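Visitor: I have a structure open here and would like to walk through it. Can you take my questions as they come?
Guide: Go ahead.

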Amino acid sequence: MSDLDLRPREIVCGSAPSPEPEELLLTARRVYLGKTTEVARALPDAQIRMIGAWCFLDHYGPQSVQDSPGMQVWAHPHTGLQTVSWLLEGEVEHRDSLGSQVMVRPQQLHIMTAGVGIVHSELSLADKPPTLHGVQLWVALPNSDRETSPRFESHVELPLLTVPGLTGSVLVGELGGVRSPARSHTPLVGADLTVEPGVPIQLAVNPEFEYGIFVVHGDVLVESTTVGVDQLLYLGSQRRSLGLRSDHGGRAILLGGAPFAEEIVMWWNFVGRSHDEIVAFRTAWERREPRFPPVVDRSEKVMEAPAMPTVHLRPRPRRAR
Ligand code: MN
């Protein structure tokens, strides 16, 4: 997907090693995408900009799309990141400038590595299911790999993590001895966890990672904090296990990773390292330079980049990681 915010701000993000475990409860902010659609954006947050290399988390739906066109994200570019498309309900067609054309469906993982540049579109088709619900995640690429060739990978059968009281899909990295086949460029984990009511769970985690957990349905007691829908609990690092429980059942996205050592600049759909680089990406998209080839086999609408903000970079607050 795209950052459809009509007036995106340029944000400096980084991640600093957090010295200890903590429980910082954050509420995703509502972001209006155009006039009618809104999403809950948990990352970047004013306090916590990244969790490992995870730099963007939008939660959309569940919403009825019976009387609407559904997802209409026309062709747009990305640089310097991976997009992780994860649907909870519904169906969306992805096409990109590599020639990929796939239906994105629940429980099927699609990771697009933009690297030096890619263009894609995501559209609901006419015969779409009635409900749309999902998350959009971005992963920042490290300096060493951020100009890699673009790549699109699909994993339609992910390994499942099953322990008493919990079933999970491991999207990226390893959790509970279950490893995703998806390629990541920094030490990272992402998982979609369904917690049954009334069963206390202890999950082994990596003390060198920082973690956060974002609830998409119901509620989950994480350590000593109850996390509700559209809330992100930042957990810090130095944990060997994570306690989960739910009274009525819940579903949550667990994100973790080694603190991201580099400072990045995010604006619209680009991840770069400086304001000037972002301006150059924007110009390259305006001019349709070869970095951004057309989406194959779809003569479709294209999203133009918004104007660059007149104020350059928002300074990174003291607390922001
Ligand atoms: Mn996109």
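Visitor: Which strands form the open sheet with β26, and in what order?
Guide: The order is β1-β26-β27, three strands with antiparallel pairing. Keep in mind that this is a predicted model.

Visitor: Which ones are the edge strands?
Guide: β1 (11-13) and β27 (270-272), each of which pairs on one side only. From one strand to the next, the twist averages 30 degrees.

Visitor: How many bridges hold β1 and β26 together?
Guide: Three, and the two strands pair in the antiparallel sense. Strand β26 covers residues 264-267. C13 has I264 in β26 as its bridge partner.

Visitor: What packs on that sheet?
Guide: Helix α1, residues 275-286, which touches β26 and β27. The direction of α1 makes about 140 degrees with that of β27.

Visitor: How many helices and strands does the chain have?
Guide: One helix and 27 strands. The radius of gyration is 19 Å, close to the 20 Å that the globule rule gives for 321 residues, so the chain is as compact as a globular protein of that length.

Visitor: How much of the chain is buried?
Guide: Buried residues are 59% of the 321. As for contacts between residues at least 6 apart in sequence, 75% of them join residues at least 24 apart.

Visitor: Now β2. Which way do its side chains point?
Guide: They alternate along residues 21-27.

Visitor: What does β2 pair with, parallel or antiparallel?
Guide: Strand β23 (residues 231-236), antiparallel, through five bridges. T27 has Q231 as its bridge partner in β23.

Visitor: What do strands of a sheet pair through, anyway?
Guide: Backbone hydrogen bonds, in either a parallel or an antiparallel arrangement.

Visitor: What does L109 touch?
Guide: Leaving aside neighbours within four places in sequence, the contacts of L109 include V84, W86, H155, L158 and L171. R29 is 80 residues from L109 in sequence, and their C-alpha atoms are 25 Å apart.

Visitor: And H94, where is that?
Guide: In strand β8, which spans residues 92-96. H94 has a relative accessibility of 3%, so it counts as buried. Its side chain makes a polar contact of 2.8 Å with that of D96. Beyond four places in sequence, H94 is in contact with several residues, among them M112, H120, E122 and F152.

Visitor: Where does V156 sit?
Guide: In the loop between β13 (151-155) and β14 (160-163). V156 is partly exposed, because its relative accessibility is 48%.

Visitor: What comes of β14 and β15?
Guide: They form a hairpin with two residues between them. Four bridges join the antiparallel pair, and β15 covers residues 166-172. One of the pairings is L160 with S169. In the turn, G165 has a positive phi of about 90 degrees.

Visitor: Which residues other than glycine have a positive phi?
Guide: E223 is one of them, at about 55 degrees. R288 is another, with phi near 50 degrees. E223 lies in the loop between β21 (220-222) and β22 (225-227), and R288 is in the segment after α1.

Visitor: Why point those out?
Guide: Because most residues other than glycine have a negative phi. Most peptide bonds are also trans.

Definitions and conventions:
Residues numbered from 1 in each chain as written. Predicted model: local features only at pLDDT ≥ 70, side-chain atom pairs only at ≥ 80, totals over all residues. Heavy atoms only, no water. Contact = heavy atoms within 4.5 Å. Buried < 20%, exposed > 50% of the residue type's maximum accessible area, 1.4 Å probe, protein only. Pairing = 2+ DSSP bridges. Axes fitted to C-alpha atoms, helices over the stretch in contact; angles between N-to-C directions. Polar contact = N/O pair within 3.5 Å; in protein donor to acceptor, adjacent residues only side chain to side chain. Rg over C-alpha atoms; globule rule 2.2 N^0.38 Å.
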